[in-house]
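The sequence and the model come next.

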Amino acid sequence: MIYVDVDVLYYYLTAHPEFGEKAKKYLEEFDNLCTSALTVWILHVLTRLRNLPEILGEIGINIIPLTSDVLSFAMNVEKLDFEDAIHYATMKLNRINKIISNDSDFDKVVDVERIF
């Protein structure tokens with residue numbers, strides 16, 4: 001599986017002038033994509049789209065639940081802010097080591113390969 005960060009989906013959904021096409025390319029190029037339920041909430045706050053689960057399903061992105069195990073793991077991640085730590089914890093607990101993200105903070109964790 002490949003994890004998709006919030007920024008990539010935001011670029012795609014808003015047709016971002018600089019990164020929208022690149023985000024679309026990656027979303028079309030890779031299979032077996034996933035993201036956290038946290039991503040859905042953040043995207044809703046940013047875009048006010050009410051049908052995000054359906055949109056993500058059409059793109060082929062599976063939504064991974066935000067659990068207490070993920071939150072506990074994230075609390076102990078020192079190299080990332082809490083939001084990124086939640087994404088990282090979601091990845092680690094689901095044995096995912098690749099992320100499509102424009103956020104260079106993920107380069108701080110050496111066991112994750114960032115694509116973008």
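Lys108 is partly exposed, because its relative accessibility of 43% falls between the 20% limit for buried and the 50% limit for exposed. Please keep in mind that this is a predicted model.

What does the side chain of Lys108 meet in a salt bridge? The partner is Asp105, at 3.5 Å from N to O. Asp105 is partly exposed too, with a relative accessible area of 25%.

How many salt bridges does a search of the whole structure find? The answer is four, and the Lys108 and Asp105 pair is one of them. Another links Asp107 with Arg114, where the closest N and O atoms are 2.9 Å apart. Asp107 has a relative accessible area of 45% and is partly exposed, while Arg114 is partly exposed at 27%.

A further salt bridge joins Asp111 to Lys92, with 3.3 Å between the closest N and O atoms. Asp111 sits in the loop between β4 (98-100) and β5 (113-115), and Lys92 belongs to helix α6 (residues 82-93), so this pair ties together parts that are 19 residues apart in sequence. On the accessibility side, Asp111 is partly exposed at 36%, and Lys92 is partly exposed at 22%.

Here are the pairs described above, with their N to O distances.

| Asp107 | Arg114 | 2.9 Å |

Note on methods:
Residues numbered from 1 in each chain as written. Predicted model: local features only at pLDDT ≥ 70, side-chain atom pairs only at ≥ 80, totals over all residues. Heavy atoms only, no water. Helix = DSSP H or I, 4+ residues; strand = E, 2+ residues; numbered from the N terminus. Buried < 20%, exposed > 50% of the residue type's maximum accessible area, 1.4 Å probe, protein only.
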